[in-house]
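Here are my notes for when you open this one up. Have the viewer ready and follow along point by point.

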Amino acid sequence: MRFDEFLSEVLYNPQKGYYFRKKIGEDYYTSISFEKLFSWTFANYFINLNIENILEIGANEGYFAKEAIEFYKMKNKKLNYFILERAMFKEIEGVKYIKNLKELKEFDGVIFQNEVLDAIEFRRFIYKDGKWKELYVRDFKEFYIDEIKDKEIIKYLPENVFEGLIYDVSIKALEFLKEQVEILRKGFIVIVDYGYERDEIIERFPNGSLTTYYKHSVSDNPFENLYEQDITYFLDWTLIKNFLKGLNVDIIVFENQGKFLLENGILEIAEIISKNLSELERFKIFNKVKSLVFDFHNFYVLIGAPRGT
Ligand SMILES: C[S@@+](CC[C@H](N)C(=O)[O-])C[C@H]1O[C@@H](n2cnc3c(N)ncnc32)[C@H](O)[C@@H]1O
């Protein structure tokens with residue numbers, strides 16, 4: 001079985017799959033776990049761009065959505081909010097849920113996704129005997145190496161690399177991005193996620209960037225804690241940017257998350273949130289700002305716009 005097929009089963013099986021049962025916070029936190037600091041800073045940014053339609057992909061329980069809707073209301077701004085979420089959650093009020101992108105046909109606004117591309121099934125490739133091969137899974141317990149069957153995907157793999165390098169990449173995430181670009185008539189695609197430029201990925205992760213999270217401990221064995229642990233990898237931003245450019249999307253922002261939040265008013269948002277709070281509560285809010293700005297150091301914000309819009 002291919003590694004992405006293994007991940008489809010352990011992460012997305014509708015009965016047992018990890019994302020269908022586990023809550024964010026049990027094994028890892030995301031930026032969305034940080035009060036309203038993250039969501040309101042982005043909502044404010046979207047208001048400044050005159051955005052009235054947001055499609056959030058992979059919204060999970062919808063915390064970002066709830067808070068963004070609240071912020072728009074506070075500012076008396078009109079907002080239509082759509083969610084496409086692969087796992088099933090209780091629907092939240094004021095949101096239109098869609099089951100696939102084609103339902104929208106054409107979309108004007110922002111397509112937003114925080115830590116979603118890293119959660120889409122990826123494949124593992126190894127450079128061996130002078131060529132790329134693939135790591136497959138045997139019996140849900142070990143890897144074995146074999147030829148790549150769909151040779152056309154080799155164009156996504158790095159060139160001039162060293163023997164033994166393992167490179168993790170989600171071809172499915174690239175296809176999904178293409179579908180998003182296809183419905184985006186006017187507006188922006190916003191991707192927030194962890195990763196590095198290609199050279200740095202190769203340098204940091206010669207054995208692949210596969211990472212597992214189980215009860216807040218980090219490991220790299222995907223065959224442990226089956227169905228119970230998150231299995232993810234780091235995005236290759238060089239690939240994502242080139243892929244989007246190839247789809248006629250201009251990259252208008254590509255910035256470290258902390259810098260992006262600071263430049264776009266997280267401190268002012270922290271002031272709004274902490275108004276009328278005690279000194280202690282205020283201190284806690286500003287500590288969370290510090291965490292969001294400094295602890296998420298390998299997180300980036302990419303904003304792309306269809307060329308000519
Ligand atoms: C790591 S969680 C991040 C959740 C949330 N965005 C956050 O930052 O807290 C990834 C989410 O993306 C969802 N997801 C993965 N692939 C998806 C897809 N193709 N379409 C919609 N949702 C998807 C998963 O079900 C999961 O809820």
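1. Start with the ligand: 18 residues surround it, and the closest are Thr 30, Gly 58, Asn 60, Arg 86 and Ala 87. A residue counts as near if its C-beta atom, placed from the backbone, lies within 6 Å. The shell splits into eleven nonpolar, four polar and three charged residues. Here Ala, Val, Leu, Ile, Met, Phe, Trp, Tyr, Cys and Pro are nonpolar, Asp, Glu, Lys and Arg are charged, and the others, Gly among them, are polar.

2. Keep in mind that this is a predicted model: local features need pLDDT of at least 70, side-chain atom pairs count only at pLDDT 80 or more, and totals for chains, interfaces and linings use all residues. Numbering starts from 1 along each chain as its sequence is written.

3. Now find Ile 111. Leaving aside neighbours within four places in sequence, Ile 111 is in contact (C-beta atoms, placed from the backbone, within 7 Å) with Leu 55, Ile 57, Gln 180, Leu 184, Ile 189 and Val 190.

4. Next, the open four-stranded sheet: its order is β7-β6-β5-β8, with antiparallel pairing. β7 (142-146) and β8 (166-169) stand at the edges with a single partner strand each, so one side of each has no neighbour in the sheet. Strands are DSSP runs (E, at least two residues), numbered from the N terminus, and two of them pair if DSSP finds at least two bridges between them.

5. Look at β5 (residues 123-128) and β6 (residues 131-138): they pair in the antiparallel sense over five bridges. Lys 128 stands opposite Lys 131 in β6.

6. Finally, β6 and β7 form a hairpin with three residues between them, and Asp 139 in the turn has a positive phi of about 55°. Across this pair, Glu 134 has Asp 146 in β7 as its bridge partner.

Note on methods
Contact = placed C-beta atoms within 7 Å.
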